[in-house]
Structures are given as C-alpha cells and as structure tokens.
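Colleague: Please show me the model, and let us go through its fold by question and answer.

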Amino acid sequence: MSFLPISREDVKKRGWDELDVIFVTGDAYIDHPSFGIPLLARWLEFHGFRVGIIPQPDWHSKDAFMTLGAPRLFFAVSAGAMDSMVAHYTPARKLRHDDAYTPGNRHGARPNRATIVYSSRLREAFRHVPIVVGGIEASLRRFAHYDFWEDKVRRSIIFDAKADLLIYGMGETPMLELATRLRNGEAFSSITDIRGTASFPMLFLAMVLFVKSPLSQR
Ligand code: B12
C-alpha cells in the first residue's frame, strides 16, 4: 500500500487533481494505526475520500500550508498525538530536548500551541475553507479550561484557532459523518448536530449566555 500524498507530485501520481480532506499535524507522518492522524486519514481513504497529509509544516509562513492546495471539503488540524505544550515542557516547566514523534528525535519541529498556530496559518492561506480541529490538544480545550502554563482560565480553543468545528475524543465516527454529509451536498455551516463535535456558533452562544447569567457574577 502506498503512502498517502504529502506533495502535489504524490497527488498527481494517484491520478487526482484535488483532495477532499487535508490533514495538518505536528507529528511526523508515521503510517501506523497507533497515530491518530494517519489512522483517520486511512479511515477516510477506505470510505472513498481523497486525503493528503501535511506533517510538521514550517509555521513561520503560510507557504508550507499551501503545498497540497485547498481541499474540497475541509482541513483537519491536530497538534499531534500529544499536546504540544506537553511535548515541549516537563511539568516543572523545563524544556524537553527531544521529541519522539519527530525524525531523529529532534526538538522544535512544531510550535507551542500548535493547533492555534496551524489553524491561523491556514486561515491566512485559505480564508473560506472550513477548518476542523481535533486530537488531544483540542479535545481537552473544547470549553473554557484552566491552563497550567499561563495559570489562568482560557476560553475554548475554537475561538483562538478561528476554527469552524471541533471534534473531541475519538474522531472516526464524527469525522466520517461530517465528510459524508458534506460529500452529499450539505452546507458546512448547517452541520451542528454531530455527536462528539462542538461548533463555533454553538460555543459562541454558550459563552454569551454564560457571561449574561448570574453564574458569571459570582
Ligand atoms: C500508548 C500511550 C503511550 C505510549 C506510546 C507508544 C507509541 N509509540 O505510540 C508510551 C508508553 C511510549 C507513552 C509515553 C508518553 N506518554 Co502516553 N499515552 C498513551 C495512551 C495510553 C494511548 C495513545 C494512543 O496510542 N492512542 C491511539 C490513537 C489512535 O488515538 P489518539 O492519538 O488519541 O487519536 C484519536 C483522537 O485523539 C482523535 N484525533 C487524533 N488526531 C485527530 C485529528 C483531528 C483533526 C481530529 C478531528 C481527531 C483526531 O481521533 C483519533 C482516533 O480515535 C494515551 C492515553 C489515551 N488513552 O489516549 C497516553 C497519553 C497520550 N500519554 C501522555 C503522556 C503525558 C506521555 C508521556 C509524556 C509520559 C512521560 N512523562 O514520559 C510520554 C511521552 C512519549 C513521547 N512522545 O516522548 C498523555 C498526554 C497528555 C497530553 N495532554 O497531551 C496521555 C493522554 C495520557 C494522560 N492522560 O496523561 N504513551
């Protein structure tokens, strides 16, 4: 079985002119089912979707995020198998000097808070293409949450990432439903009812209701 496309040449070799879903990840592309991104990409491929992966893009500009063009359905973004802050620092806030999910065990191939950084670059490159975030970094930050690194409560990551949808926990079922419904012609903005997802409008509404409620005055 050949690797999934990571370049335009790979896309052409498969006889495709565009991709349906493009994954962006903070890990190297390791084609093994113990890694969430390749697992989900293979899962969509199995169901007939054309998928590609951009592993560990250089986040200093939008160029690396444009290597596969714009996907027909959406970008799927993850910091990797581990939270990027956990990958970079020990609980004592000391810098880790290696990274097991980077070739050569090298440190520094992903940014801090990679989900936010990658999504922002994608927004810069493709303003109107939907962005779905997932994996452990996004899942644990789906609502307002205590952030150990800044010692403060931060809002849902969906706002900082400027993403359209957040899939939390295991991604297989919600992602397949999302891709299938989009393929069948539903508009992205109307899909707010998939179990295991949190959408931008719903979270925004929840935030406004909370701010106006007596609970927030305590
Ligand atoms: C197996 C495992 C290990 C193994 C890894 C073996 C290997 N080579 O893969 C070993 C024992 C080596 C290990 C080590 C460590 N681990 Co560990 N490990 C796990 C464990 C138990 C399972 C991870 C796994 O393989 N999952 C299977 C994959 C397929 O699932 P997944 O990555 O979660 O992906 C799913 C979803 O997240 C989602 N998804 C993923 N990506 C995306 C992307 C999008 C766009 C979407 C929509 C969805 C999505 O869909 C996927 C499929 O359902 C988890 C706990 C857990 N139950 O998840 C901890 C866990 C990942 N480990 C953790 C930690 C802290 C560590 C260590 C740092 C511990 C230490 N102090 O040394 C080290 C770091 C290793 C390193 N990289 O250097 C933490 C990470 C915490 C965090 N906030 O990031 C976890 C969550 C445990 C915990 N609760 O504390 N670990």
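Colleague: Of the contacts with a separation of 6 or more, what share comes from residues 24 or more positions apart?

Modeller: The model is a predicted one. In it, contacts with a separation of 6 or more include those between residues 24 or more positions apart.

Colleague: How does the radius of gyration compare with the globule rule for 218 residues?

Modeller: The secondary structure consists of eight helices and eight strands. For 218 residues the globule rule gives 17 Å, and the protein is as compact as a globular protein of that length because its own radius of gyration is close to that, at 17 Å.

Colleague: Is strand β2 largely enclosed or open, and why?

Modeller: Strand β2 covers residues 51-55. It runs parallel to β1 (residues 21-25), to which five bridges join it, and Gly-52 of β2 stands opposite Ile-22. Four of the five residues of β2 are buried, so the strand is largely enclosed by the rest of the structure.

Colleague: What handedness has the unit made by β1, helix α2 and β2?

Modeller: Helix α2 spans residues 36-46. Together with β1 and β2, α2 makes a β-α-β unit that is right-handed.

Colleague: Which element gives the most to the largest nonpolar core?

Modeller: This core has 30 residues, and Leu-122 is one of those that touch the most other members. Elements supplying at least two residues each include β1, β3 (74-78) and α4 (114-125). With five residues, the element that gives the most to this core is α4.

Note on methods. Residues are numbered from 1 along each chain as its sequence is written. This is a predicted model: local features need pLDDT of at least 70, side-chain atom pairs count only at pLDDT 80 or more; totals for chains, interfaces and linings use all residues. Side-chain values use heavy atoms; hydrogens and water are left out. Buried means under 20% relative accessible area, exposed over 50%, partly exposed in between (1.4 Å probe, protein chains only). Two strands pair if DSSP finds at least two bridges between them. A crossover is right-handed if, with the strands pointing away from the viewer, the path from the first strand over the helix to the second runs clockwise. A nonpolar core is a set of buried Ala, Val, Leu, Ile, Met, Phe, Trp, Tyr and Cys residues joined through side-chain atoms within 4.5 Å. The radius of gyration is taken over C-alpha atoms; the globule rule is 2.2 Å times the number of residues to the power 0.38. Contact means heavy atoms within 4.5 Å.
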